[in-house]
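These are my notebook entries on a structure that is new to me. I record below what I looked up, topic by topic.

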Amino acid sequence: MPADRDRIPLALYVHLPWCVRKCPYCDFNSHRAPAQLPETDYVDALIRDLDHDLPLAGGRPLVSIFFGGGTPSLFSAEAIQRILDSVRARLPLATDCEITLEANPGAAEQARFAGFRQAGVNRLSIGVQSLNDQALQRLGRIHDAAAARDAVASARAAGFDNFNLDLMYALPTQSTTDADADLQALLSTAPPHVSRYQLTLEPGTAFHARPPTLPDSEAAWTMHRRGARALTTAGLRAYEISAWARPGFESRHNRNYWLFGDYLGIGAGAHGKLTDREGHILRRAKQPLPNLYRRDPVTPAAEHRVAPDDARFEFLMNGLRLTDGFDRHCFETRTGGDWARLLRELAPAMDRGLVESHAGGVRCTALGGRHLDTLLTDLLPSAA
């Protein structure tokens, strides 16, 4: 049976592709900013893009909006206001709609925080990455630890009580003691949400071409395990493999991704996942080059319908990342899949102690979470 579009939440992702400088580990669609950002032209293109995709929204309210990049905080508060005003004029917003904007520490950007708040942004995601100056230099970041702390203080002063801090571990030459100290420095700022993830060398990045010396896998696992204990002790709960939050501060936008919700994607290189009226799932990617996107924001660079077996696997790939897993209702309405068949496919993983039944659904065990990549490989449609 097809997915039930009317019961699938809808989010909006807005990609703002420019950065002051490309970080050597970054494989996102980001580009060095010109001396003068083409804000007006780019926002015009975003609005045309949104208008073109509106029929796919099906009149559903937006549960969240996320400005990602790149470095969205390079844009003026007026540009963000114009985008949000255009969205509100075209789509209903849930009364508790979460509106997040990614920001990097930096004095010029911090001065805009109050303007972003006034425009309607109610959550920030700040790319701290480390609070060790030497580590930041090795990562190619343009800020130092003091600027990161100032960014957190500026966010609070602007009225943001809901924000995320990104932190990386297993950095070049980093020891487990260094990683512990870095996390404790971050926790001293009392963040309501932390995204903590391991540095990996992604193809196409400068680090992949010229690899730095990274901690080995055993040291990286120790950093993860000790960090998990420290975050729990600080009162944050792991609700996803790399996401920790105080109660009520979980990212609604990211949870929508992980639970296979729908999302419109506008902007250069933005990806979207939409369910049509017949319940078929469509994935679409926009033109990644900003200048080409500005000229033609409505012609997708790629588009395909997701086959039923692939939809089931994509759901598992995301849903099993969540600490609480997922339930039958969510699986059936968002994939159109058969629950009994899914349980049969998961039976070998349950027998091995990797997956367990939980509150009318399924979730990974602690062992399964550690070996999630292997588990998902076993569940690939071709391996079924």
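How many helices and strands does the secondary structure of the chain come to? I found 16 helices and 17 strands, where helices (H or I, at least four residues) and strands (E, at least two) are DSSP runs, numbered from the N terminus.

Entry on sources. I note that this is a predicted model, in which local features need pLDDT of at least 70, side-chain atom pairs count only at pLDDT 80 or more, and totals for chains, interfaces and linings use all residues. Residues are numbered from 1 along each chain as its sequence is written, and side-chain values use heavy atoms, with hydrogens and water left out.

Entry on overall form. Of the 384 residues, 53% count as buried; buried means under 20% relative accessible area (1.4 Å probe, protein chains only).

Entry on the cores. A nonpolar core is a set of buried Ala, Val, Leu, Ile, Met, Phe, Trp, Tyr and Cys residues joined through side-chain atoms within 4.5 Å. The largest one has 64 residues, and Phe67 is among those with the most contacts inside it. Contact means heavy atoms within 4.5 Å. Beyond its neighbours within four places in sequence, Phe67 touches residues including Val14, Pro72, Ile80 and Leu101. I also found a second, separate core of 29 residues, which includes Ile281, Phe331, Leu354 and Leu379.

Entry on helix 1. Which residues of helix 1 are buried? Among them I list Tyr42, Leu46, Asp49 and Asp53. The buried residues of this helix pack against elements including strand 1 (10-16), helix 2 (77-90) and helix 11 (290-295).

I traced an open sheet of three strands in the order 15-17-16, with antiparallel pairing; two strands pair if DSSP finds at least two bridges between them. Strand 15 (326-327) and strand 16 (355-358) are the edge strands, as each pairs on one side only. Strand 16 joins strand 17 (residues 361-364) over four bridges, and Glu356 stands opposite Arg363 in strand 17.

Methods:
Buried means under 20% relative accessible area, exposed over 50%, partly exposed in between (1.4 Å probe, protein chains only).
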